[in-house]
Amino acid sequence: MSNPNANSIWKVITASSVGTLIEWYDFYIFGMLAKTISTQFFPEGNATAALLSTLAIFAAGFIVRPFGALVFGRLGDLIGRKYTFLLTLVLMGGSTFLIGCVPGYKSIGMAAPLLVLLLRLLQGLALGGEYGGAATYVAEHAPPHKRGYFTSWIQTTATLGLFVALGIILLVKRNMDDSAFNAEWGGWRYPFWISILLVGVSIYIRLKMKESPLFSKLKSEGKTSTNPLKESFSHRGNFKMVLLALFGAVMGQGVIWYTGQFYAQSFLETRCKIDFEQSRIIMLWAIAFATPFFLVFGWLSDKIGRKWIMLIGMLLGVLFYRPIFSTFLADTEIGAGTGYTAYPPLSDLGQSVQPGDDITIRSDNTILLSTALQWKFTALVWAMIVFVTMVYGPIAAFLVELFPTKIRYTSMSLPYHIGNGVFGGLVPFIGLLITTSFPSDPLAGLWYPIAIAALCFIIGAIYLNNKIDRNVMD
Amino acid sequence: MNTIKKYLGIVWFLLGPAVIYLLVNGAITHIDPAGKKDINNPVIWIIIITIFTPIAIGLMIFGWYAFKNEYDHLPESSNEA
């Protein structure tokens, strides 16, 4: 392996991280704007059906991610990491921009949802190819004793992509009223259009980068794989590690990631009825305070190993999700000791504000939390995102070390995207289904991530080892 | 520890078909063309069963490998794999 100086490794990290961050941003703005998109692209009349249709498209975006992992993983192991993740970046940026250009259902009928579905599928494919490439690229440049720390920069990008998506949507929404934002060609499209600029910058940076030194070495020696898919999944010795990575680490990591961030935001807004802007501000602060912990746990994993940091993060989710979400519910439930006073009648004033109240009901039936309660909620979301940083910070290094160089891109991408895309991506969708099945328990949807994380914890604790593989040149 | 790994393999092996059974049973119970709830919608069930069936089969294979002591020693280099 080459021994890059500090300057060049930071260039590698920057080029990889910026592109990956933008891909996550592209992917998440769709989910963040799900409600608005559902009214634009799906027949009106049944709001739940429209929302579910959007979620289905959202899920479709996640479900195709494993296929993207196969397609682009194979390419990455055949032609190299650099050109493959350049291709995924172009595909993602183009798809995102075009979603912002599709006319609404009112203008072109069923062509609108069909086009959006197609573009969403392309986004999923691109994302499936991006992450494995970026993580592999950084890991193959990093010195062995800092692999966890350097790859943890890549791990910050998913959460920072969410942060940038939330921030840009909030910024656009603050500068226009609701009708202008939600109009057919309204402000909700701006975040999609902005993507093309971000992607342009990232492509420019990445074009200047060189191929991974380990892949270049393999290629010069003629030792690259001729059929990465076959070698990854039909070779028993490697396939069993793919299964171990999925069931012992990544499926739990996926549900912890999505519960702590997406499910939490959806719960605050949809179930607790917290104001659109305030629920996003809570998420933004929580993410800002928690993000440094990706680096802390990546660094720590170089010292004490990856396994137990990831597994303890899962265990904390299993133990604390229900108490945390119960607190959200209890504190926003009217008449349950929240300090809310129902007099004077809402219909007279449009809102109720009493001195010392913890919540205010607005005329549109959304809730505004007091400053103290907002910070309490921020702290609780922060705690859940710290769980995310524990499971997610060390996992790129863990996956890279599990597979050999010549099939690494393919082998680590598939379990990662099944774990995150299928298990994690379906948390809101399956949560909604379970909650509908058991309407008496508003927290029923949490049993899905809790069960998956618990199962993964048990498998990981028993079957994984905590040894750091210093040599990833094999 | 290797004995625990081996016999838990049976649990993982059986968990695969159990998941498939639960999903199919849930679909049969809840799908109702006349129903208006989300869980009555067959499309949603088809999507979920289609996605989770191969994963459940993967869990069975994982259990089988565990039972066959494939995870007693994890490879430390590619030559071992």
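**View 1. The fold of chain A as a whole.** Chain A of this predicted model contains 22 helices and 2 strands. Of the 474 residues in the chain, 57% are buried. When contacts between residues at least 6 apart in sequence are considered, 80% of them join residues that are at least 24 apart.

**View 2. The largest nonpolar core and the surroundings of A:Val138.** The largest nonpolar core is made up of 158 residues, and those with the most contacts inside it are A:Val138, A:Met314, A:Val381 and A:Cys456. Helix 13 of chain A, which spans residues 236-271, supplies the largest share of this core, namely 20 residues. Which residues is A:Val138 in contact with, once its neighbours within four places in sequence are left aside? They are A:Val12, A:Ile13 and A:Ser16, together with A:Phe150, A:Thr151 and A:Ile154.

**View 3. Helix 5 and helix 10 of chain A.** Helix 5 (residues 81-99) and helix 10 (residues 190-207) of chain A have axes that come within 7 Å and cross at roughly 165 degrees. Because angles over 145 degrees count as roughly antiparallel, helix 5 and helix 10 of chain A are described as roughly antiparallel to each other. Their crossing is left-handed. On the side of helix 5, the residues that meet helix 10 include A:Leu86, A:Leu89, A:Val90 and A:Gly93, while those contributed by helix 10 include A:Phe192, A:Trp193, A:Ser195 and A:Arg206. Sorted by class, the contact between helix 5 and helix 10 of chain A has 10 nonpolar, 4 polar and 1 charged residues.

**View 4. Helix 16 and helix 18 of chain A.** The axes of helix 16 (residues 307-332) and helix 18 (residues 371-392) of chain A come within 8 Å, and they cross at roughly 160 degrees. Helix 16 and helix 18 of chain A are therefore roughly antiparallel to each other, and helix 16 passes helix 18 in a left-handed crossing. Among the residues that make the contact are A:Ile309, A:Met314, A:Phe328 and A:Asp331 of helix 16, and A:Leu373, A:Phe377, A:Met384 and A:Val391 of helix 18. How do the residues of this contact between helix 16 and helix 18 of chain A divide into nonpolar, polar and charged, and how many belong to each class? There are 15 nonpolar, 3 polar and 1 charged. A:Met314, listed here in helix 16, is also one of the residues with the most contacts inside the largest nonpolar core.

Methods:
Residues numbered from 1 in each chain as written. Chains lettered and ligands numbered in written order. Predicted model: local features only at pLDDT ≥ 70, side-chain atom pairs only at ≥ 80, totals over all residues. Axes fitted to C-alpha atoms, helices over the stretch in contact; angles between N-to-C directions. Helix = DSSP H or I, 4+ residues; strand = E, 2+ residues; numbered from the N terminus. Parallel < 35°, antiparallel > 145°, perpendicular 65-115°, else oblique. Left-handed = near helix turned anticlockwise from the far one by under 90°. Contact = placed C-beta atoms within 7 Å. Nonpolar A, V, L, I, M, F, W, Y, C, P; charged D, E, K, R; others polar. Core = buried A, V, L, I, M, F, W, Y, C linked by C-beta atoms within 7 Å. Buried ≥ 20, exposed ≤ 12 C-beta atoms within 10 Å, placed from the backbone.
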